[in-house]
Amino acid sequence: MNTADKLRARNFDLLLRGAGKEQEVEITDGRIRVFGVPQNTIGTFSSVFCDEVYAFAAEEEYIVYDIGLNNGIAAQYYAGYKNVRRIYGFEPFPETFAVAEKNLAANPEPAAKIIAHNFGLGNRNEWREISYNRELPGSMRPIVNRFDGQGCAEKVNILDASEVLAPLFERHREKILLKMDCEGSEKEIVSSLSHSGLLGKVDAIVMEWHFNPPGYLTRQLTK
């Protein structure tokens, strides 16, 4: 069963519009509507809502920090948890962020829990210039120009994770869940949080790691 068939088996409808690079898919089941480029959107939606790759089980109330907001699908998934009080999303690429805003606007009930920011997190404050691939927005890497010469260059704003998250951690008394799928930036973020002492305040992490064996990450998390 391919990914699209898996969604249909779960009673999600897929509607394709346009053609070529302008093609867009809409996924809906009457409760949620999501738009985006077909390959990225169908794959992400299936992983999140069918396979539930970001699921967690807890009775306590949580604040979720969605580092790698992408098109907003995971944030809307977490908004469905009754014990998740707020989701803060971080997405550095303007075009991807615009799609996330469109999806949040189409789903006002879950969006009421979500605060989305158009910048990424790392271990320092800086602007980076990255070539943007519109067909693979979920594969954009803020730390390396993966599609150099294959797309339009975009300037992305990266802020130090500790400087951004410290006041948010202080503001809320709920437990903390970090969801990190940020295409390689996880090492920078964990480094920043570790050096500032904020990593010890985190209660749960759902993370995808990239590129190298995760020795550095596991050492920091074990500490």
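This is a predicted model: local features need pLDDT of at least 70, side-chain atom pairs count only at pLDDT 80 or more; totals for chains, interfaces and linings use all residues.
User: How many helices and strands are in the protein chain, and how are they defined?

Analyst: The protein chain has eight helices and eleven strands. Both are DSSP runs numbered from the N terminus: helices are H or I with at least four residues, and strands are E with at least two.

User: Why is the protein chain called as compact as a globular protein of its length?

Analyst: The radius of gyration is taken over C-alpha atoms, and the globule rule is 2.2 Å times the number of residues to the power 0.38. For 223 residues the rule gives 17 Å, and the radius of gyration of the protein chain is 17 Å, so the chain is as compact as a globular protein of that length. Along the principal axes, the C-alpha atoms fill a box of roughly 50 × 45 × 30 Å.

User: Which strands are called the edge strands of the open sheet?

Analyst: The open sheet has five strands in the order 6-5-4-10-11, with parallel pairing. Strand 6 (114-117) and strand 11 (204-207) are the edge strands, since each pairs on one side only. From one strand to the next, the twist averages 15°.

User: Which helix touches strand 4, strand 5 and strand 10, and which touches strand 4, strand 10 and strand 11?

Analyst: Contact means heavy atoms within 4.5 Å. Helix 6 (residues 161-171) packs on the sheet and touches strand 4 (62-67), strand 5 (84-90) and strand 10; its direction makes about 170° with that of strand 5. Helix 7 (residues 186-196) also packs on the sheet, touching strand 4, strand 10 and strand 11, and its direction makes about 155° with that of strand 10. Such angles run from 0 to 180 degrees between N-to-C directions, with axes fitted to C-alpha atoms, for helices over the stretch in contact.

User: Why is the contact between Arg85 and Glu61 called a salt bridge?

Analyst: A salt bridge is a side-chain nitrogen of Lys or Arg within 4 Å of a carboxyl oxygen of Asp or Glu. The side chains of Arg85 and Glu61 meet at 3.9 Å, N to O, so the pair falls within the cut-off. Arg85 lies in strand 5 and Glu61 in the loop between helix 2 (38-50) and strand 4, so the pair ties together parts that are 24 residues apart in sequence. The structure holds 15 salt bridges.

User: How do you know whether Arg17 and Glu26, which meet in a salt bridge, are buried or exposed?

Analyst: Buried means under 20% relative accessible area, exposed over 50%, and partly exposed in between (1.4 Å probe, protein chains only). Arg17 has 34% and is therefore partly exposed, whereas Glu26 has 8% and is therefore buried. Their salt bridge spans 2.5 Å, N to O.

User: What makes Gly18 exposed?

Analyst: Gly18 has a relative accessible area of 60% and is therefore exposed. Gly18 lies in the loop between strand 1 (13-17) and strand 2. Of the 223 residues of the protein chain, 49% count as buried.

User: What makes a set of residues a nonpolar core?

Analyst: A nonpolar core is a set of buried Ala, Val, Leu, Ile, Met, Phe, Trp, Tyr and Cys residues joined through side-chain atoms within 4.5 Å. The largest such core has 34 residues, of which Leu7, Ile27, Phe45, Phe49, Tyr78 and Ile87 touch the most other members. Helix 3 gives the largest share of this core, six residues. Apart from it lies another core, of 23 residues, including Tyr88, Leu168, Met180 and Leu199.

Notes. Residues are numbered from 1 along each chain as its sequence is written. Side-chain values use heavy atoms; hydrogens and water are left out. Two strands pair if DSSP finds at least two bridges between them.
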